[in-house]
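Colleague: I would like to go through the labels on this model. Please set each one against its definition.

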Amino acid sequence: MKAMRVGLIGLGTVGRGTLEVLRRNRTEIERRAGRPIEVVRVAVRNVARAQAIVGSDVAVSADPFDVVRDDSIGIVAELMGGTELARELVLEAIRGGKHVVTANKALLALHGNEIFAAAEQAGVMVAFEPAVAGGIPIIKALREGLTANRIEWVAGIVNGTTNFILSEMRERGAGFDEVLAQAQALGYAEADPSFDVDGVDAAHKATILAAIAFGMPVRFDAAHVEGISRLQPADIRYAERLGYRIKLLAIARRREDAVELRVHPTLIPARRLLASVEGPMNAVMVMGDAVGTTLYYGKGAGAEPTASSVIADLVDVTRLHTADPEHRVPHLAFQPSALDDLKVLPIDAVLTSFYLRLRVADQPGVLAEIARILAEAHISIDALFQREPVEGETQTEIILLTHETIEGNMNRALVRIEALPTVLEPAIRLRLEQLAD
Ligand code: HSE
């Protein structure tokens, strides 16, 4: 049978991995897809270097528009990254009737609504398994495997760089800056490491997960995003003592007529499988009303793990491209006409538990005052301890965990607590999620 002809834009780590796996597993892939899948054209800046990698039977151009305008191509795989040029290329490919596979989470988080609308109009598919959690087939699981469920929440470790940093900080007691330098030396961090450490990369992925979990448009603009750069080793230690680990969690949770969409360092119980996800690994936990909690684990980045997802999409598109567009899996899992423009709650309205660390004067009544303010705010304390006394010190630290409350309520209570003369520094405040069934 005639091969499905693919054009690759970008020949970085993922592009090269895709070529390698397509070639190595050619027979297996053809047996699954029903026809060969062949890369016939590549666009990349350094043409001579690329030609040496891809061989003489693949055309190489410096101009990525050569790929999207090549009418012999059936699928454009956008593996270049960036948002503005990538948007133009993807839209032009769609208008030209080509299917698209993209690993570009930023592109979809920012321009997904426009891109999916254009694809629906043109009757083509835009597949994006590699955009979230690298090699883990989480898009497939959410869009298809869990299709019977009302999804209640999704909580994921979807950025390997920050997970590596947090693991090293916990295991070695090292500070953030030192471990970031190590992560960069190992090549984990994005080109702009602030995308990783400030939580932006995880928020792009959370935005996509929320859209397909709840059937809503992508709303990156409404996501609450916090990174890990201010996290202190002391809090990682105290959390551990209380039976928790700190992870940069991407959370999408359904609330009544609204959703929470947030990324921030989060305490999670050490006994949850998700807490054992260490180093650059990724994992996503999904709670569906019928299935309960499910967990998806694997490599979230890297040449061949990401290629695994790119090729899964190439095979899907190859199998389905002759199907009537109405009988394909909808881009955002729900029929476009059935998408719900759900409100994203502002962070002040989010319901969560808290970890608090308070530096206080070591004198009678301090704890009672703090407990009184929390009680008046209807915030229930779940656990509490005071740091061991240090000889000659007149200050100490109180660490406490609370039950769930609305974040705005906690903030108002903290203003009162921080105004106490015995509370000596602004509180350290982290969110905590139980992730229970
Ligand atoms: N920088 C990302 C990470 C790569 O650390 O997970 C995969 O998107």
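What follows is a short exchange on a helix contact and a strand.

Modeller: This is a predicted model, in which local features need pLDDT of at least 70, side-chain atom pairs count only at pLDDT 80 or more, and totals for chains, interfaces and linings use all residues. Residues are numbered from 1 along each chain as its sequence is written, and side-chain values use heavy atoms, with hydrogens and water left out.

Colleague: Why is α6 called oblique to α11?

Modeller: The axes of α6 (residues 105-122) and α11 (residues 200-214) cross at roughly 55° and come within 8 Å. Under 35 degrees is roughly parallel, over 145 roughly antiparallel, 65 to 115 roughly perpendicular, and the rest oblique. Therefore α6 is oblique to α11.

Colleague: Which residues of α6 and α11 meet?

Modeller: Contact means heavy atoms within 4.5 Å. Lys 105, Ala 106, Leu 108 and Ala 109 in α6 meet Asp 201, His 204, Lys 205, Thr 207 and Ile 208 in α11. The contact residues divide into four nonpolar, two polar and three charged.

Colleague: What makes β10 largely enclosed by the rest of the structure?

Modeller: Buried means under 20% relative accessible area, with a 1.4 Å probe and protein chains only. In β10 (residues 258-269), 12 of the 12 residues are buried, so the strand is largely enclosed.

Colleague: How do you know that β9 and β10 pair?

Modeller: Pairing requires that DSSP finds at least two bridges between two strands. Strands β9 (residues 244-255) and β10 have 12, in the antiparallel sense. Lys 247 stands opposite Thr 266 in β10.

Colleague: And how does β18 pair with β10?

Modeller: Two bridges join β10 to β18 (residues 428-432), and the strands run parallel. Leu 267 stands opposite Leu 432 in β18.

Terms used. Axes are lines fitted to C-alpha atoms, for helices over the stretch in contact, and angles run from 0 to 180 degrees between N-to-C directions. Helices (H or I, at least four residues) and strands (E, at least two) are DSSP runs, numbered from the N terminus. Ala, Val, Leu, Ile, Met, Phe, Trp, Tyr, Cys and Pro count as nonpolar, Asp, Glu, Lys and Arg as charged, and the others, Gly among them, as polar. Buried means under 20% relative accessible area, exposed over 50%, partly exposed in between (1.4 Å probe, protein chains only).
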